[in-house]
Amino acid sequence: MALSNSRRLLLRSLWSASARACSDSASAIDNHSFRISHESRGLLLRDGVSQAESFSSNKGWSSFLSRRRFSTILTPNSSGSHFPLELLSKRNVIVSERQIGLCQDLVIPVTNFLNEDKGFMVLAGDVFDVPIRKDIVHRVVRWQLAKRQQGTHSTKTISEVSGTGRKPWQQKGTGRARHGTLRGPQFRGGATMHGPKPRSHAIKINKKVRRLGLKVALSARAGEGKLLVLDDLELPTHKTKNIVSYVKQMDNTKKVLLVDGGPIDENLKLATQNLHYVNVLPSIGLNVYSILLHDTLVMSRDAVNRIVERMHAPINR
């Protein structure tokens, strides 16, 4: 199944010598037998997923590049060109550690809650493979934590404290200090000077910085192999054991964040409400602080497309 020079998909990954020898001797696989082993999927996710670039002058590929701002799903029946045999191989794929921050498109396998293969997905490199900037993440997290403070704290001034307005004793002759009221801050039950009053703790941060912070957080999870993409987040029943069995299959996972594109499925809400280590968010509510609180990020295909569209939308000034 040879590909023409104008329509071939180049995978620029650093393969080890053993993996290269295996790929040379691998035979072509039929389009209807589209399967990849669980070990291959784990290695693809752990090593940061393979990177792919498309070069073509064909009209079909030019239209694909024009829609590059949306993440796409690749399956054996995808129109436009043949699917690369290297991704359809049943052999284990051994890839050296990928360099993060090259803004190259990423190819990641798509599964479901039953770990069934649902093809592959191309993630936009300018969203999921940007350079890691800890200073940007720090600024965005500070902005989030400051903005969510209620600012309802309040103390009473001398005019608000209940008490008499009479002068406690005469000005001179008692040998005591002169006072004009018992509601001063030096008396028990008196006022608080320069105390907190209701106010907003929000700080200013540019929209470009906020957007870059979310890109950095997504790129960090993708580079660590802790970004999983599911075909959808729909559950057949509301039983909690469905989510528990899925989380148990993950390695080195303590907290999981599930992100869906639109409104959260009712069965998913009921299945996760008793699990303190699993939280659910719609794509519109995805933020940097929530990503950092969870070591594994699980997104639906619809959520990935909405996030990419949001990151490429023009900023309203």
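**Core**

I started with the largest nonpolar core, which has 36 residues; L123, F128, L218, L286, L297, M299 and V304 have the most contacts inside it. The largest share of this core, six residues, comes from helix α7 (residues 207-223). For my own reference, a nonpolar core is a set of buried Ala, Val, Leu, Ile, Met, Phe, Trp, Tyr and Cys residues joined through side-chain atoms within 4.5 Å. Buried means under 20% relative accessible area, exposed means over 50%, and partly exposed is in between, with a 1.4 Å probe and protein chains only.

Before going on, I noted that this is a predicted model, where local features need pLDDT of at least 70 and side-chain atom pairs count only at pLDDT 80 or more, while totals for chains, interfaces and linings use all residues. Residues are numbered from 1 along each chain as its sequence is written, and side-chain values use heavy atoms, with hydrogens and water left out.

Next I picked L218 and listed what it touches: V127, F128, L286, I291, L297, M299 and I307, not counting residues up to four places away in sequence. Contact here means heavy atoms within 4.5 Å. Apart from this core I found another, of 19 residues, including L235, Y246, V256 and V278. My background note: in soluble globular proteins, nonpolar side chains tend to be buried together.

**Whole chain**

I looked up eleven helices and nine strands in the chain. Both are DSSP runs numbered from the N terminus, helices being H or I with at least four residues and strands E with at least two. Of the 317 residues, 40% count as buried. Among contacts between residues at least 6 apart in sequence, 77% join residues at least 24 apart.

**Helix α7 and its partners**

How does α7 cross helix α6 (residues 134-147)? Their axes come within 9 Å and cross at roughly 115°. The axes are lines fitted to C-alpha atoms, for helices over the stretch in contact, and angles run from 0 to 180 degrees between N-to-C directions. The two helices are therefore roughly perpendicular to each other, a label for 65 to 115 degrees. In α6, I136, V137, R139, V140 and W143 meet V209, R210, L212, G213 and V216 in α7. I sorted the residues of this contact into seven nonpolar, one polar and two charged. Ala, Val, Leu, Ile, Met, Phe, Trp, Tyr, Cys and Pro count as nonpolar, Asp, Glu, Lys and Arg as charged, and the others, Gly among them, as polar.

Then I turned to helix α11 (residues 301-312), whose axis comes within 10 Å of that of α7 and crosses it at roughly 145°. R211, L214, K215 and L218 in α7 meet I307, R310, M311 and H312 in α11.

**Single residues**

Is A271 buried or exposed? A271 is buried, with a relative accessible area of 0%, and lies in helix α9 (residues 266-272). I saw that A271 touches L235, H238, K239, T240 and I243, not counting residues up to four places away in sequence. A271 and K239 are 32 residues apart in sequence but 5.3 Å apart in space, C-alpha to C-alpha.

Last, I checked backbone angles. Most residues other than glycine have a negative phi. N115, not a glycine, has a positive phi of about 60° and sits in the loop between β4 (106-111) and β5 (120-123). H194 also is not a glycine and has a positive phi, of about 55°. H194 is in the loop between α6 and α7 and is exposed, with a relative accessible area of 80%.

Technical notes
Angles under 35 degrees count as roughly parallel, over 145 as roughly antiparallel, 65 to 115 as roughly perpendicular and the rest as oblique.
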